[in-house]
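These are my notebook entries on one structure. I list what I looked up and what I found.

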Amino acid sequence: MKRILTIQDISCVGKCSLTVALPIISAAGVECAVLPTAVLSNHTAFPSFTFCDLTEELPVIEQKFQELGFDFSAIYTGYLGSLRQIDIVRSYFRTFSSPDCLKVIDPVMADHGKLYYGFTEEFADNMCDLCREADVILPNLSEASFMLHTPYLETYTEEQIRELLHALSELGPRYAALTGISFAPDEIGVYAYDRVTNEYHYYKNEKLPVAFHGTGDIYASLFLGALMRGHSVFESLDIAVDFTLLSMKKTLADPEYRTYGVNFEQILGDYAKAL
Ligand code: PXL
């Protein structure tokens, strides 16, 4: 059984980051080791939250992992809270790097052209630097534009998306995948580029008229689970599109649904079977 390490915060309430990654990657039949970067009472889309920073513990844990000889088939990072945490993740990448350890970065920091609360352009530049060391990066269009210093595109052509992907892959990662790409009002999907084969890949499905918090984390976790189970990068991106949509549909069908969480639990059985 493969073991991956995911590095992100844990928010006690509000499904995102570790509370999403752990169940999804486990459902994929892959061991999910966790490195919590901070404990929040709830994610930051709620009106207020508490925050306990665990930064100083991360190098201590790194040293212990090294001493005990742990290795990982992938390191997957999501929401990181500070410049120092980016540096620490870089150190983890280097400490545990091997040709068999895939580095996957979801550079969580922005959406709809705006940085999330607490993030700065300096953070975006540092995250961009970290992305140079990854094998796969999964930004949305906002994150890509902050990292590349290009204007945020509300509407775009396929050519513009390909140019962005090319620029992202020039940073270093073999695969760059832009999430949330839509060329028609009723469809949305992922557009990806493989720098080595020079292949582009677009996969879309239905676009629902609602946005839920945490879907990016669900998407990245579904992707990694599929990848670790032996699907190709492009196949895994497609599987993640389909099951993210399915989990959003399950949420909408729930009379008590809240926009700050997705009922991904209800698709885990089918996801496991599909892998
Ligand atoms: O979904 C990304 C995410 C992760 N963790 C925390 C967040 C967010 C997005 O806002 O607030 C704490």
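**Charge over a ring**

I began with the side chains and found that Lys103 lies over the face of Phe93, at 6.0 Å from the ring centre. The model I am reading is predicted, and I keep that in mind for every entry below.

**Aromatic pairs**

I then searched the whole structure for aromatic pairs, and the search finds 20.

Tyr79, at 17% relative accessibility, counts as buried. Phe119 counts as buried at 10%, whereas Tyr116, at 28%, counts as partly exposed.

I recorded one aromatic cluster formed by Tyr156, Phe183, Tyr191, Tyr193, Tyr200 and Tyr202.

**Nonpolar cores**

Which members of the largest nonpolar core touch the most other members? I found Leu5, Met127, Leu168 and Leu178, in a core of 46 residues. Helix α4 (residues 121-131) gives the most to this core, namely six residues. I also noted a second, separate core of 43 residues, which includes Ile4, Ala28, Leu237 and Leu245.

I traced an open sheet of nine strands with mixed pairing, in the order β3-β2-β1-β4-β5-β8-β9-β10-β11. The edges are β3 (51-53) and β11; each has a single partner strand, so one side of each is left without a neighbour in the sheet. Within the sheet I examined strand β5 (residues 102-105) and strand β8 (residues 136-137), which pair in the parallel sense over two bridges. Val104 stands opposite Val136 in β8.

**Helix α7**

I checked the length of helix α7 (residues 215-228). Its 14 residues, at 1.5 Å a residue, should span 20 Å; the end C-alpha atoms are 20 Å apart, which agrees. Is α7 enclosed or left open by the rest of the structure? I found 13 of its 14 residues buried, so α7 is largely enclosed. Just after α7, Gly230 takes a positive phi of about 105°.

Most residues other than glycine have a negative phi.

- His112 is not a glycine, yet has a positive phi of about 50°. I placed His112 in the loop between β6 (110-111) and β7. At 57% relative accessibility, His112 counts as exposed.
- Asn198 has a phi near 60°, a positive value in a residue other than glycine. I placed Asn198 in the loop between β10 (187-194) and β11 (199-206).

Notes. Residues are numbered from 1 along each chain as its sequence is written. This is a predicted model: local features need pLDDT of at least 70, side-chain atom pairs count only at pLDDT 80 or more; totals for chains, interfaces and linings use all residues. Side-chain values use heavy atoms; hydrogens and water are left out. A nonpolar core is a set of buried Ala, Val, Leu, Ile, Met, Phe, Trp, Tyr and Cys residues joined through side-chain atoms within 4.5 Å. Buried means under 20% relative accessible area, exposed over 50%, partly exposed in between (1.4 Å probe, protein chains only). Helices (H or I, at least four residues) and strands (E, at least two) are DSSP runs, numbered from the N terminus. Rings of Phe, Tyr and Trp (its six-membered ring) pair if their centres lie within 6.5 Å; planes under 30 degrees apart count as stacked, over 60 as edge-to-face and the rest as tilted. A charge sits over a ring if NZ of Lys or CZ of Arg is within 6 Å of the ring centre and within 35 degrees of the ring normal. The expected span of a helix is 1.5 Å times one less than its number of residues. Two strands pair if DSSP finds at least two bridges between them.
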